[in-house]
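Hi,

Here's the structure I promised to pass on.

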Amino acid sequence: MPPGLHDDLSRLMAVMSAAFEPKWGEAWTRRQVEDSLLAGFCNYFLISRSGDALAPGEPPAGFTLSRTIAGQTELLLLAVDPQFRRHGLGKVLVETLARQSREQGSTRLFLEMRRGNPAEHLYRGLGFAPVGERPNYYRTSDGIRIDAVTFARDL
Ligand SMILES: CC(C)(COP(=O)(O)OP(=O)(O)OC[C@H]1O[C@@H](n2cnc3c(N)ncnc32)[C@H](O)[C@@H]1OP(=O)(O)O)[C@@H](O)C(=O)NCCC(=O)NCCS
């Protein structure tokens with residue numbers, strides 16, 4: 001494992017546990033995140049409460065996990081710790097990913113979202129538009145099925 005990844009994974013997972021409500025079943029396990037990073041194509045970005053890239057030892061406020069293949073980037077996970085929400089960190093995270101992806105040659109940014117997630121307001125405000133859906137894709141802890149909606153934005 002590359003140096004620093006172990007600590008970064010711990011910080012990312014701390015936000016993961018705080019940010020995702022268990023009933024939606026959207027959070028990834030540490031193993032899933034680690035495997036995605038070791039398999040290649042995936043990147044993560046951790047942010048501090050002040051909106052800067054996280055310094056060593058600093059507590060995390062949010063993160064993105066993304067995958068870039070053949071000029072297209074997918075936002076796999078976006079999360080901000082509940083205590084730091086509605087201060088623009090989610091917006092900074094998505095815009096940082098958009099800028100970095102563009103610089104690396106990506107032309108389009110995709111994401112998939114559970115229908116009804118309030119994050120839709122954030123995405124639409126940042127220029128994303130729906131481009132598709134997968135009916136009944138998610139299953140809640142109560143066994144309820146919810147559609148996935150795919151959004152995209154040109155970079
Ligand atoms: C979605 C999430 C990352 C947003 O993080 P955030 O730091 O609160 O977002 P921002 O402060 O940058 O929001 C920017 C704008 O997006 C919109 N927005 C963000 N969250 C919203 C919400 N819950 N309801 C309505 N609008 C919202 C607002 O227009 C907001 O601007 P405003 O606060 O001036 O009104 C955060 O709520 C989260 O971690 N949710 C749980 C995990 C999740 O569902 N991730 C997305 C999976 S697809």
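Predicted model: local features only at pLDDT ≥ 70, side-chain atom pairs only at ≥ 80, totals over all residues.

Residues are numbered from 1 along each chain as its sequence is written, and side-chain values use heavy atoms, with hydrogens and water left out.

Let's start with the ligand. It has 20 residues around it, and Leu-78, Val-80, Arg-86, Gly-88 and Lys-91 come nearest (a residue is near if one of its heavy atoms lies within 4 Å). That shell splits into 11 nonpolar, five polar and four charged residues (Ala, Val, Leu, Ile, Met, Phe, Trp, Tyr, Cys and Pro count as nonpolar, Asp, Glu, Lys and Arg as charged, and the others, Gly among them, as polar).

Now for the polar contacts (pairs of N or O atoms within 3.5 Å). Oxygen atoms of the ligand lie 2.8 Å from a backbone N or O atom of Arg-86 and 2.9 Å from a polar backbone atom of Gly-90. Alone, the ligand exposes 910 Å², and the protein buries 74% of that (areas by the Shrake-Rupley method with a 1.4 Å probe).

Which helix gives the most to the shell? That's H4, with four residues (helices are DSSP runs of H or I, at least four residues).

Methods:
Polar contact = N/O pair within 3.5 Å; in protein donor to acceptor, adjacent residues only side chain to side chain. Helix = DSSP H or I, 4+ residues; strand = E, 2+ residues; numbered from the N terminus.
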